[in-house]
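Here is a friendly walk through a protein model, meant to be read with the structure open beside you.

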Amino acid sequence: MAEPPLTDLKDGNSDATETKTSKSPEISKTGSRNGSARSQKSHGSKKGRDFIPSPAVSAKDNPAADWRNMRRIIAEDPEWSLATVPLLVELCIKHIVDNFENNSKILNDLLQKHQNKVLEKISSDLPLKVTANLVDDEGFWKRCCNARWEICDVLDFGGNWKRMFFEKNLQEIIEHFVPETTDPIHLNETLALSANYVKRLEIRQLLPPVREAPKGPDFDDASDAGSDTGDEPECDHFNFTPVLSLLPNLEHLSLTYGVRDCGMNFEWQLFQFTARDCLQLAQSVAAHKHLQVFKLHRSKVDDDKVRVLISHILDHPGLIELDLSHNVIGDRGARAIGKFINNHSRLVRLNLCDNQIRGAGAQAIAHALTKNTTVEHLNLRLNRLGDDGGQAICRSMLKNSTLREINLGSNDMAEPTAAILSQVVMQNSTILSVDLSCNRLGPDGGKQLQEGMEENTTITTMDLRLTECGQESEYCINQILHRNQEAEREAKIKKIEAEAPPQKKIAEPQAAHRYKPRITHA
Amino acid sequence: MSSSGEEEEVGPSVDSNDKEERIAARRLRINKRIEALKRDPNDPGDSKEIKEELSKSRKQIEESRLRLTKLRKDGFELVSNIRVAGDARESIRRGDEEESKRLRRERLEQEAKSGAERFEEITKKWESALQKEVPQSLHEMLMQQKTSCDSMIDEKNKLINDFQLDLKNKDDLYVKDLKKMAEDVDLMIERMNEQIKNLKKAQREELEQDERAFVAERNELLEQQKKKWDERMTYRRDKEIEYMKNREKRVEEYEQMLQHLRVQDAEEYNMVKIRLETDVQILEQQLQQMRATYQLNQEKLEYNFQVLKKRDEENAITKAQQKRKITRMQDVLNGLRIKLTKQEKQYRDENSQLTEDYKRIAEQFRDLQKKSKHFMATDAKKFADVWCMNEEECKEILNSILQCDTVVHEQQLGLQWESPDLGFVENVGPLRIHEETKSGVSATQVLHEVMSQAGSQAIEEVGEEGGNDDKQRTNIFTKISAHTVKSVLELLCDESGFLVEKKLEKLLQPLEKDEQSLMKLDAIFTALGVETEEDIHKLTTYFMHLIERMERAAEENKKDEGTEKDELEKTSTEGVEDVDAEIQELTGGGVDDEPPREKTTKDSVHLIHPNEVLKALRAFVDDHKKPTKEKGHKSQFRIATLEYRDPSEDSEYWAKYTNTHSGVKERVWDGLVEGLEKYSECLQSRSNLINETDALRQQNAELRMLLHQYVNSKVNTELEIPPTRVLQLEMNPQY
């Protein structure tokens with residue numbers, strides 16, 4: 001209680017000089033008031049209300065209040081407290097907050113606690129220009145995110161709210177960007193500001209340029225631009241070249257050339273991935289050497305486009321994951337991809353789910369797999385590999401020793417593949433997960449697989465749903481899988497224990513402490 | 001639809017991963033806690049129970065884990081089933097699509113083919129139509145063409161309609177698919193939610209169960225501990241009560257004892273008090289008496305004190321005098337001390353001087369010895385030379401004499417000459433005296449023999465054989481049997497170790513026993529001055545019994561008297577024989593003491609007791625001190641004279657030369673000399689006469705010559721009367 005009045009007094013004085021330079025006639029009054037204030041104070045202390053700070057200060061703080069009123073208030077209002085009057089610091093902070101947009105540089109000169117207060121109060125609507133490079137506080141960015149989007153899962157962004165804000169912001173802008181219609185200035189500004197914070201770009205739709213927009217989707221962005229810019233037969237999408245060149249930290253790029261949620265407004269034109277688009281994209285991806293993950297789904301990427309893309313990103317130094325799911329890649333495209341993974345890349349994950357790869361393409365990929373030493377996850381779900389392709393892939397797995405997960409679901413495979421796969425399961429000890437769902441393996445194939453699995457101790461997952469391989473073998477395989485899972489779990493626990501022995505030491509006394517008193521108590 | 005399905009599929013797996021991690025963490029924590037409990041040192045006795053409980057709780061955990069994993073797996077399957085169903089449907093659709101596409105293509109191709117055929121037909125007809133010139137037929141033809149074209153178009157249109165119908169169907173299908181997709185998504189979401197709910201619930205339940213298990217376990221543990229605690233407490237309480245009872249009992253006992261003691265002590269105290277009081281009275285009386293005596297004594301002492309005072313004064317005076325005297329004496333003492341030191345110094349100087357003198361003299365003596373040795377050598381040489389010369393001379397003379405004798409005998413006397421014994425003539429140089437023959441066998445040799453022989457062979461045999469082999473050996477073994485000697489020596493060796501030097505003993509340690517004793521005896525003999533066989537004998541005799549020693553003493557006296565070796569030998573042998581006889585007597589008489597060792601101790605029986613060895617040795621040394629000393633002197637002298645020569649035979653030797661000429665021969669020679677002298681006188685006179693005639697003859701010749709001279713001289717011519725004439729005249733008268 002002794003300290004605050006002093007500081008108050010000081011603040012008050014400075015404040016007084018500030019506020020009362022214009023009001024000179026009242027200066028004479030303050031002198032007399034000071035005298036009486038002392039008496040007041042003594043009076044107050046006599047009463048035993050030592051909680052009340054000096055009224056002189058309060059009078060100064062509140063220049064509008066009358067001296068006599070003050071006195072009356074003090075005398076009669078027992079609830080009155082100086083605490084109701086905001087501190088100068090708070091006033092200053094409020095001022096700073098109010099004028100933050102104009103004078104934001106002051107933030108760095110403030111004390112940490114004041115800085116925190118300011119950051120708590122500034123509006124989340126402030127232009128990025130002001131805040132982007134200045135504010136690092138997670139709380140502020142969290143507020144921004146929450147104010148803007150309903151669902152915010154920060155875990156998807158590495159627990160970094162600022163990154164989340166920038167990524168989502170940029171994503172939104174790009175998703176709503178209509179080429180040749182939208183003004184790129186805003187985008188460029190945002191890009192410049194968020195260059196340092198964006199690591200991942202997940203574009204779920206790219207709008208085509210509006211030519212006539214007779215049956216265009218009901219997007220406000222798209223509909224308001226009714227110009228006839230689409231005189232070209234090819235309607236190119238957003239060009240990523242400048243964007244990628246401006247984002248040096250980008251590691252993850254996920255694109256979809258198509259319109260989201262078109263529903264009944266479907267039109268082929270909305271889902272056109274032009275050759276130029278492909279070329280531009282391929283060039284920009286090839287130029288961006290830090291990119292690790294590249295995804296391109298639902299974009300009607302056909303063989304030619306895949307070939308263009310692969311030819312550009314051949315020997316890319318950083319690419320670890322390639323996802324070309326839900327496209328229309330055929331055997332030729334698969335051959336290109338095979339070439340890509342045949343020691344022309346460092347891919348770890350390859351996703352070719354839902355394409356039109358048949359036996360020939362699968363053979364190309366299998367051939368590449370026998371020589372490849374990096375790919376660990378391969379997804380070929382929903383293709384038309386058939387038995388030829390399945391057998392080729394399985395044979396390649398006999399030689400490969402890096403592949404850990406493979407998905408061969410819904411590939412129109414049958415018993416012969418199962419026969420080879422049982423051999424694979426017996427010999428290969430690196431593979432951990434096999435998905436064979438929706439293939440008509442038949443009961444014989446199931447039995448063969450079961451025989452193979454009985455020799456295996458590593459596989460923990462094997463999906464055999466809708467394979468018609470017989471309940472008995474499925475049950476047996478599930479038992480083996482369960483056994484393998486348990487073994488793996490124990491190995492993992494052992495590893496954890498081996499890695500963290502000091503924790504035990506810390507935990508021991510705690511436990512002892514917790515249990516001892518109870519025992520003695522009893 | 002499938003893409004969204006896939007995305008959804010990822011969601012729960014991440015969730016489940018998370019949960020797994022959480023479970024793992026919790027399990028770890030529980031394990032740690034359990035371990036901590038297990039390691040708790042406060043209750044090691046309950047470890048077994050805890051272990052059982054542990055297994056229970058762990059089982060519970062395991063069970064719940066398994067149940068949860070199963071639940072999760074089932075849930076995942078349930079959710080992903082939709083995806084799988086979609087996939088299956090899609091793949092079937094694709095198959096159908098392919099089929100229908102193929103059909104469509106076939107149909108199109110067929111259509112195209114048929115269309116082309118018709119078109120061909122129509123075009124052909126056009127050609128035939130051109131040939132037709134009848135307008136009606138042409139019209140008919142045209143109409144026909146038109147109908148055929150229409151039919152073709154109709155067909156096409158029909159196809160188009162079909163396809164459009166298909167398209168519409170497809171559109172409917174698309175809408176249906178969209179709906180289906182939305183439904184699927186909804187279903188999936190529903191299922192996921194349900195799953196999440198279920199999982200949450202299940203996990204909560206499991207957690208509760210786990211906790212319940214743990215709580216139960218803990219409660220059991222607590223109960224056990226409490227029970228134990230109570231047991232201990234009751235045990236303790238019983239003990240305490242017992243102890244208390246014991247203590248009370250003891251306290252009572254002690255109190256009784258105390259009371260008893262107190263009564264006893266009071267009685268004692270009273271008795272003692274009475275006695276002490278009487279004592280006090282007696283002592284007071286005595287005190288009075290003592291006081292009286294004290295008074296008396298005091299007076300006496302005062303008197304004495306006076307007397308002593310006086311004496312003290314006197315003493316002080318005398319003390320002063322004495323002090324003065326002391327100082328004086330001190331001065332004298334100092335003076336004497338100085339004198340003493342001076343004297344000491346003087347004597348030291350003198351001593352050093354004397355030692356120097358002694359050294360010098362010793363040097364001189366050594367020089368002298370050297371000189372004397374040299375001179376002796378030269379003397380000996382000279383002696384030998386002189387001897388040789390004389391001998392030669394003698395031999396020459398002898399030879400000449402002998403020749404003369406032969407001549408005399410053979411020529412003058414005409415007798416057969418027989419040569420006398422001339423063996424001694426062969427000797428050249430001074431006569432040699434053979435020491436070996438004279439001095440006895442050395443003591444060490446004897447030692448060796450004795451010691452080496454004693455072990456293996458019977459004594460008497462050895463003696464006989466030795467007697468055959470060597471005279472020397474017989475000497476000793478005839479005197480005293482070898483065994484006796486050996487036993488004596490052994491005794492000596494054992495008892496007189498003090499005579500052996502320590503160093504030697506050390507050196508001897510590694511050797512064999514016989515060797516050792518040999519060397520020891522050697523050393524002892526040198527110490528005792530025993531050198532020859534004789535000495536050993538003497539020594540041995542000392543070790544015999546006292547009576548024998550007496551006899552021996554007499555014999556020794558004889559020995560001392562006897563100068564000749566033979567005599568000594570004889571006497572000693574006699575003595576030995578006596579001893580042997582005695583020994584034999586004694587042994588033959590039967591030594592009752594040691595019948596079993598009769599044979600072996602036959603000779604050693606008569607030896608003195610080991611304790612008396614020292615006495616015997618002393619006696620030996622005393623008796624032989626002088627002779628040994630003389631001997632030592634002699635030996636010293638002998639060293640000086642290099643080698644001792646016995647001149648006794650010299651005269652004999654030389655006498656042999658003279659003896660060659662016996663008295664008869666001399667007389668013969670004397671007679672011969674006489675005759676010859678006479679003969680020589682005769683011859684002398686004859687020679688004198690011859691000489692006279694010769695002189696006269698010479699005189700005549702000389703005179704003749706003179707006369708001739710005178711006659712022939714010129715003077716004669718000158719003279720009136722020449723002498724020649726005269727002479728002739730003179731001569732003539734004569735003749």
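With a relative accessibility of 7%, A:S422 counts as buried, a label given under 20% relative accessible area, with exposed over 50% and partly exposed in between (1.4 Å probe, protein chains only). A:S422 sits in helix 18 of chain A, residues 415–427; helices here are DSSP runs of H or I with at least four residues, strands are runs of E with at least two, and both are numbered from the N terminus. Leaving aside residues up to four places away in sequence, A:S422 touches A:Q448, A:L449 and A:G452, where contact means heavy atoms within 4.5 Å.

A word on the ground rules: this is a predicted model, in which local features need pLDDT of at least 70 and side-chain atom pairs count only at pLDDT 80 or more, while totals for chains, interfaces and linings use all residues. Residues are numbered from 1 along each chain as its sequence is written, chains are lettered from A and ligands numbered from 1 in the order written, and side-chain values use heavy atoms, without hydrogens and water.

Now step back to the whole chain. Chain A has 21 helices and nine strands, and 46% of its 522 residues are buried.

Five of its five residues are buried, so strand 3 of chain A is largely enclosed by the rest of the structure. A:V293, A:K295 and A:H297 cover one side, while A:F294 and A:L296 lie on the other.

What are its neighbours? Strand 2 of chain A (residues 252–256) pairs with strand 3 of chain A in the parallel sense over five bridges; pairing requires at least two DSSP bridges between two strands. Within this pair, A:L255 has A:L296 as its bridge partner. Strand 4 of chain A (residues 321–323) also runs parallel to strand 3 of chain A, joined by three bridges, and here A:F294 is partnered by A:L322. The chain gets from strand 3 to strand 4 of chain A through helix 14 of chain A (residues 303–313), in a right-handed β-α-β crossover: with the strands pointing away from the viewer, the path from the first strand over the helix to the second runs clockwise.

Strand 2, helix 13 (residues 275–287) and strand 3 of chain A likewise make a right-handed β-α-β unit.
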